[in-house]
2 protein chains.
Amino acid sequence: MINQKVDQYRALHPDAQIVSLGIGDVSRPLTPTITQALMSAAQEMGTTEGQRGYGPEQGYLFLRELIASHDFQGLNISPHEIFISDGSKCDSGNIQDLFLPSARIALANPTYPVYLDASVIAGHGGPLVDGQFSKILYLPCNEENHFLPHPPTSNIVPPDLIFLCSPNNPTGSVIPFPLLEQWVHYAIQHGSLILFDAAYVAYITDPTLPHSIFQIPGADKVAIELRSYSKSAGFTGLRCAYMVICEENPLYPLWKRRHATKFNAVAYPIQRAAAATYTQEAKMELQGQIQEYLSQAHRLKSLLLSKHYDTLGGDNAPFIWWKIPPQFSSWQYFDYLLNQYQIITTPGSGFGSLGEGYLRLSAFAKLDAFEVAMQRLAALPSLCA
Amino acid sequence: MINQKVDQYRALHPDAQIVSLGIGDVSRPLTPTITQALMSAAQEMGTTEGQRGYGPEQGYLFLRELIASHDFQGLNISPHEIFISDGSKCDSGNIQDLFLPSARIALANPTYPVYLDASVIAGHGGPLVDGQFSKILYLPCNEENHFLPHPPTSNIVPPDLIFLCSPNNPTGSVIPFPLLEQWVHYAIQHGSLILFDAAYVAYITDPTLPHSIFQIPGADKVAIELRSYSKSAGFTGLRCAYMVICEENPLYPLWKRRHATKFNAVAYPIQRAAAATYTQEAKMELQGQIQEYLSQAHRLKSLLLSKHYDTLGGDNAPFIWWKIPPQFSSWQYFDYLLNQYQIITTPGSGFGSLGEGYLRLSAFAKLDAFEVAMQRLAALPSLCA
């Protein structure tokens with residue numbers, strides 16, 4: 001739909017220089033240290049001594065050991081509880097294999113669309129009534145609750161699988177400790193599984209916010225955590241992520257079997273590249289990239305604030321959730337920005353009914369495109385004008 | 001089980017030089033042309049101009065165009081009917097997403113285990129009775145039918161999904177034209193889908209054998225074909241394969257949706273490496289590798305024949321299906337070869353009940369290990385002695 005509208009606009013205005021604040025994709029190259037590791041491992045594969053065939057299905061131990069010691073320091077996660085995969089999108093869809101078609105799914109409204117789409121493909125949707133799937137439990141996220149999903153009240157049939165995304169795509173909100181504790185307690189009490197998607201954890205700047213659900217006691221029994229190199233290290237075009245599922249979780253043996261049966265590991269050179277992200281050099285390079293993205297988020301947010309618009313996110317996430325003027329729908333304002341400023345955004349209503357009235361801006365724009373967008377948005381009328 | 005037995009033997013005989021004819025994994029390095037393409041694309045990703053984020057979910061057009069024109073020349077397959085994936089193992093498991101739990105699955109006995117395991121995970125197994133899943137339709141493959149699966153007779157409830165693997169893992173048999181025609185007619189008549197796994201097609205030396213199910217008229221409506229770079233170009237450690245599903249197939253839109261929702265494409269450098277396999281240089285390099293593997297198969301087969309053993313496969317497949325002396329079970333003969341000759345093989349019974357009495361030998365052994373194995377097997381008693 002976005003592409004269609006952009007293509008239409010391009011056809012009518014072939015000379016327009018359209019810039020995008022829409023796509024949630026990284027724009028900076030792989031860092032030198034990571035590129036070097038990728039190239040070296042590729043070269044290795046071309047030698048008799050360095051040739052590698054099938055790798056361990058769960059991922060090479062060299063990578064899983066680095067993850068356990070760097071990403072989960074002090075949290076008692078073992079390498080055998082880490083499953084290397086080709087992306088959090090895949091993981092968040094594939095987890096459905098462990099649930100019966102009768103399982104009840106809970107997800108936020110608005111939500112990252114894959115949680116919903118994969119649930120529907122797995123047969124968990126039920127009939128569509130007024131734009132909502134009747135078997136899905138939608139967790140309302142709106143201005144009143146700061147776009148944070150809360151556990152359902154006791155009169156609601158408890159869900160079997162709960163998708164939580166923090167830092168959140170699309171809203172940029174981060175679930176704070178007390179609320180995450182509530183969720184873990186809820187899951188323990190009701191026998192639910194929480195899929196905690198922490199793909200954007202590298203963007204958390206506030207040290208008092210939870211970085212992992214495993215910081216909450218008891219989460220080892222009821223939660224799965226997804227992490228990804230996509231946004232932390234620019235791997236969207238390389239495909240490497242991982243799932244953490246603890247041995248205490250009753251689904252551990254099922255996932256282990258599923259993973260070994262239906263997946264055949266990530267390419268060796270890509271696992272070497274992922275391992276290189278833990279070197280001191282790469283950590284500094286990546287910190288630089290993340291700072292650049294966050295500084296773009298900060299500048300966007302400040303500009304909108306100076307014009308009295310309300311925004312969420314952007315401080316601990318690469319996304320800004322922009323409350324648009326009330327006379328516009330998300331799509332109308334999308335059209336307005338495209339036509340008036342040649343800027344592509346993402347309509348909030350695409351993430352769910354409660355995304356209506358919002359746009360998602362991404363901080364991942366290329367340097368030059370970002371500067372053009374900032375110049376153009378400087379002409380945006382103030383909300384109080 | 002194999003690993004356990006080998007570990008036990010190693011513990012008791014720490015100095016033994018064990019060689020493997022068991023594993024179905026390539027042993028030759030990536031060829032120079034492919035290594036170079038992989039390294040160049042990796043380097044590209046480290047530059048501002050060459051950086052690539054998310055690729056098209058279906059795979060880059062540059063690769064899909066090469067596949068359509070090289071692998072399916074004259075067969076009228078379009079690039080939009082090709083879906084690049086991270087492996088045929090994944091594809092043959094993921095296809096289950098398109099079927100209801102009530103779907104009936106047919107597969108060969110013996111079979112590549114993933115077809116069965118993924119079917120059981122998807123809920124198609126039913127109760128296990130005498131070692132067989134009662135809802136699965138097993139297609140018997142034995143000496144009488146040359147280990148070729150035949151369509152069920154008319155009194156059998158027709159299956160919804162039929163797994164055919166040709167050239168076959170584990171038996172090395174190849175389905176000839178008349179039988180493949182029968183299968184396509186059966187699928188058309190009964191509304192079944194055939195998943196035709198052609199992962200080993202590069203090993204076919206007899207030009208009169210079918211290389212693709214799409215050589216059979218009507219297959220475009222009822223068949224899916226899997227191909228892989230794993231065995232044709234040594235990609236087991238790189239992960240790249242593809243599925244062909246024609247627009248005439250009613251499942252086309254469903255697969256397209258499933259693929260885009262639950263998968264996020266193969267790494268750009270790996271797609272570049274796959275594209276490099278179609279260059280004239282790489283084709284020659286790869287033909288050399290395949291000849292080496294086939295020549296190992298040929299030498300193994302000749303040695304066994306000289307000792308009056310019956311074998312199948314090895315001519316148009318990298319696997320030899322070895323009929324062992326009748327007084328042994330597969331596992332007993334596995335033990336015998338491990339203890340007597342320090343050679344690892346794969347017991348046929350692991351592929352299904354009709355694999356009992358056979359061993360699978362792989363032609364993928366490393367050069368030096370292969371020569372050691374040949375020397376040792378020279379001492380094998382003749383079956384007629």
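Reader: Where does Phe147(A) lie in chain A?
Author: This is a predicted model. Phe147(A) sits in the loop between β6 (137-140) and β7 (161-165) of chain A.

Reader: Why is Phe147(A) called buried?
Author: Its relative accessibility is 4%. Buried means under 20%. Phe147(A) therefore counts as buried.

Reader: What is phi of Phe147(A)?
Author: Phi is positive, about 55 degrees, although Phe147(A) is not a glycine.

Reader: Which residue of chain B has a positive phi near 60 degrees?
Author: Asn76(B), again a residue other than glycine. Asn76(B) is placed in the loop between α3 and β2 (82-85) of chain B.

Reader: Is Asn76(B) buried or exposed, and how do you know?
Author: The value is 73% relative accessibility. Exposed means over 50%. So Asn76(B) counts as exposed.

Reader: What kind of peptide bond joins Asn109(A) and Pro110(A)?
Author: A cis bond, with omega about 5 degrees. Pro110(A) lies in the loop between β3 (105-109) and α5 (113-121) of chain A. In chain B, the bond from Asn109(B) to Pro110(B) is cis, with omega near 5 degrees. Pro110(B) is placed in the loop between β3 and α5 (113-121) of chain B.

Reader: What makes Glu57(A) and Lys89(B) a salt bridge?
Author: Their closest N and O atoms are 3.0 Å apart. The cut-off is 4 Å, from a side-chain nitrogen of Lys or Arg to a carboxyl oxygen of Asp or Glu. The pair therefore qualifies as a salt bridge. Side chains of opposite charge can pair when their charged atoms come close.

Reader: Where are Glu57(A) and Lys89(B)?
Author: The pair crosses between chains. Glu57(A) is in the loop between α2 (32-45) and α3 (61-70) of chain A, and Lys89(B) is in helix α4 (residues 88-94) of chain B.

Reader: Which salt bridge do Lys89(A) and Glu57(B) form, N to O?
Author: Their side chains meet at 3.0 Å. This pair also crosses between chains, from helix α4 (residues 88-94) of chain A to the loop between α2 (32-44) and α3 (61-70) of chain B. Lys89(A), at 8%, counts as buried. Glu57(B), at 31%, counts as partly exposed.

Reader: What parts does the pair Arg258(B) and Asp97(B) tie together?
Author: The two side chains meet in a salt bridge, 2.9 Å from N to O. Arg258(B) lies in helix α9 (residues 252-262) and Asp97(B) in the loop between α4 and β3 (105-109), so the pair ties together parts 161 residues apart in sequence. Arg258(B) has 2% relative accessibility, so it counts as buried. Asp97(B) is buried at 17%. In chain A, salt bridges that share partners join Asp97(A), Arg258(A) and Lys262(A) into one network.

Reader: Why is strand β10 of chain A called mostly covered?
Author: Five of its five residues, 241-245, are buried. Ala241(A), Met243(A) and Ile245(A) are buried on one side, and Tyr242(A) and Val244(A) on the other.

Reader: What makes β2 of chain A a partner of β10(A)?
Author: Pairing needs at least two bridges. Strand β2 (residues 82-85) and β10(A) have four, in the antiparallel sense. They therefore count as paired. Phe83(A) stands opposite Met243(A). Strand β9 (residues 223-228) pairs with β10(A) over five bridges, also antiparallel. There, Leu226(A) stands opposite Met243(A).

Reader: How do you know the span of helix α11 of chain B is close to that expected?
Author: The helix has 27 residues, 280-306. From first C-alpha to last it reaches 38 Å, against 39 Å expected at 1.5 Å a residue. Its buried residues include Leu286(B), Ile290(B), Tyr293(B) and Leu294(B). After α11(B) comes His308(B), with a positive phi near 70 degrees.

Reader: Which residues touch the most other members of the largest nonpolar core?
Author: Phe235(A) and Phe235(B), in a core of 124 residues. Leaving out residues up to four places away in sequence, Phe235(B) touches residues including Leu30(B), Ile34(B), Tyr229(B) and Ile270(B).

Methods. Residues numbered from 1 in each chain as written. Chains lettered and ligands numbered in written order. Predicted model: local features only at pLDDT ≥ 70, side-chain atom pairs only at ≥ 80, totals over all residues. Heavy atoms only, no water. Core = buried A, V, L, I, M, F, W, Y, C linked by side-chain atoms within 4.5 Å. Buried < 20%, exposed > 50% of the residue type's maximum accessible area, 1.4 Å probe, protein only. Contact = heavy atoms within 4.5 Å. Helix = DSSP H or I, 4+ residues; strand = E, 2+ residues; numbered from the N terminus. Expected span 1.5 Å × (residues − 1).
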